[in-house]
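This report goes through a metal site, a sheet and the nonpolar packing around that sheet. Please keep the sequence and the coordinates open alongside the text.

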Amino acid sequence: MPLKSEIYKEILKSYDKDRSIAEERLKNNKKAIYTAVPRIKEIDDEITKSSINMARLVIDSPENKDLILKEIKERISLLNQEKRALLKENKISEDFLKIKYKCENCSDTGYIGTEKCSCFMQKIADAITKNSNLKNILNSENFDYFDFSLYSDKKYENEDLSPLENIQKIFNICINYVKDFNTCYTNLLFYGGTGLGKTFLCNCIAKDLLDKGVSVLYLTSSQLFKIFDDEQFNKEKEKNRLNEIFEVDLLIIDDLGTEFSTAFSSSALFNVINTRLIEKKPVIISTNLKMNDFVGQYSDRLVSRIMGNYTTLRFFGNDIRILKTMNTL
Ligand SMILES: [Zn+2]
């Protein structure tokens, strides 16, 4: 996925292109109409001339401004009437002489005033989804497809909540996370055994945020550590990916704890987590490690950053992947 600013540049370029196409089309339409009905060209020229004259006359004799405006407006209105009649007579639609933008709301500029048009948000989402790691899975892994029936409503070991009650609580936190993403800075740590829906919920969050035009980078920890290692050996392409890790709106690191790490990559991980904390750029981490193992595997300074600044959500229950398989038997 390119940097967000590069995506923006590309999108603005595409708007320039759309507008040029619209203008070119109008120019060609006019040319065709002027050839077919030369009087229409005379009318258009006279309308243009009248507008220029109007400005000059008003400047020359401002005391007669109202009268001048009235006369010229009447003249232009008559000319337009004649033009409409000619178009009708020649069976040409009036739309043929209007500029036609792809988006009528923003005239293919991407902005309505200073606000981004919805077509701009759509373009951002499309660009990000096309370029992210997520494009294939997101159609089937989103909040609409979350299957609560896979979680038991019976008490589980020493827990106060049943796995079902627990996942319902986590699910709601994730829904609110998306809803408040732009106003509330929060990091999440999903932890607990395998096959309890951690990756699925990461994807749900990613999907909904991408739809809102937020840039999301999803990496398994092995992919992330490979980028660190490649960067160490100065591979240019990986440098760009490393920038993304720092700049993307939301970074998701899935399956932390399964990576092969070196002293270099461990300190690179700390750097990413720490820098994003300082810049208030959110991260979601998921790990199958138990809390004790998590604390044991990573440096004290990394653990303290995460424990102090992440909302920790514990997943427990029976592996739903096994349940799913049993259900289809
Ligand atoms: Zn628009």
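## Zinc site

The zinc ion has as its protein donors Cys103 (SG), Cys106 (SG), Cys117 (SG) and Cys119 (SG), which lie 2.2 to 2.3 Å from it; donors are N, O and S atoms within 2.8 Å of the metal (3.2 Å for Na, K and Ca), and since water is not among the atoms, sites may look incomplete. The four donor atoms subtend angles of 105 to 115 degrees around the zinc ion, so the arrangement is tetrahedral, a label given to four donors if all angles lie between 85 and 135 degrees. In sequence, the donor residues follow the spacing C-x2-C-x10-C-x1-C. Within this set, cysteine 103, in the loop between α3 (65–89) and β1 (111–112), and cysteine 117, in the loop between β2 (115–116) and α4 (118–131), are 14 residues apart, and the pair links distant parts of the chain. Helices (H or I, at least four residues) and strands (E, at least two) are DSSP runs, numbered from the N terminus.

Cysteine 103 is buried, with a relative accessible area of 13%, and cysteine 117 is buried as well, at 2%; buried means under 20% relative accessible area, exposed over 50%, and partly exposed in between (1.4 Å probe, protein chains only).

## Basis of the model

This is a predicted model, in which local features need pLDDT of at least 70 and side-chain atom pairs count only at pLDDT 80 or more, while totals for chains, interfaces and linings use all residues. Residues are numbered from 1 along each chain as its sequence is written, and side-chain values use heavy atoms, with hydrogens and water left out.

## The parallel sheet

Five strands form an open sheet in the order β4-β5-β6-β3-β7, with parallel pairing; two strands pair if DSSP finds at least two bridges between them. The edge strands, each pairing on one side only, are β4 (216–220) and β7 (310–315), and the twist from one strand to the next averages 15 degrees.

Strand β6 (residues 283–287) is joined to β3 (residues 187–192) by four bridges, and four bridges also join β5 to β6. Leucine 188 has isoleucine 284 of β6 as its bridge partner, phenylalanine 190 has serine 286, and leucine 256 stands opposite threonine 287. Five of the five residues of β6 are buried, so this strand is largely enclosed by the rest of the structure. Both of its faces are covered, with Val283, Ile285 and Thr287 buried on one side and Ile284 and Ser286 on the other.

## Helices and nonpolar cores

Helix α5 lies across β3, β5 (250–256), β6 and β7, running at about 145 degrees to β7, whereas helix α11 (residues 300–309) lies across β3, β6 and β7 and runs at about 85 degrees to β7. Axes are lines fitted to C-alpha atoms, for helices over the stretch in contact (heavy atoms within 4.5 Å), and angles run from 0 to 180 degrees between N-to-C directions.

Of the 33 residues in the largest nonpolar core, Phe190, Leu201, Ile205, Leu250 and Ile284 touch the most other members; such a core is a set of buried Ala, Val, Leu, Ile, Met, Phe, Trp, Tyr and Cys residues joined through side-chain atoms within 4.5 Å. The largest share of this core, eight residues, comes from α6. Leaving aside its neighbours within four places in sequence, phenylalanine 190 is in contact with residues including Leu201, Ile205, Ile284 and Leu313. Apart from this core lies another, of 28 residues, among them Leu256, Ile273, Phe294 and Tyr310.

Methods. Tetrahedral: all angles 85-135°; square planar, octahedral: opposite > 155°, others 65-115°.
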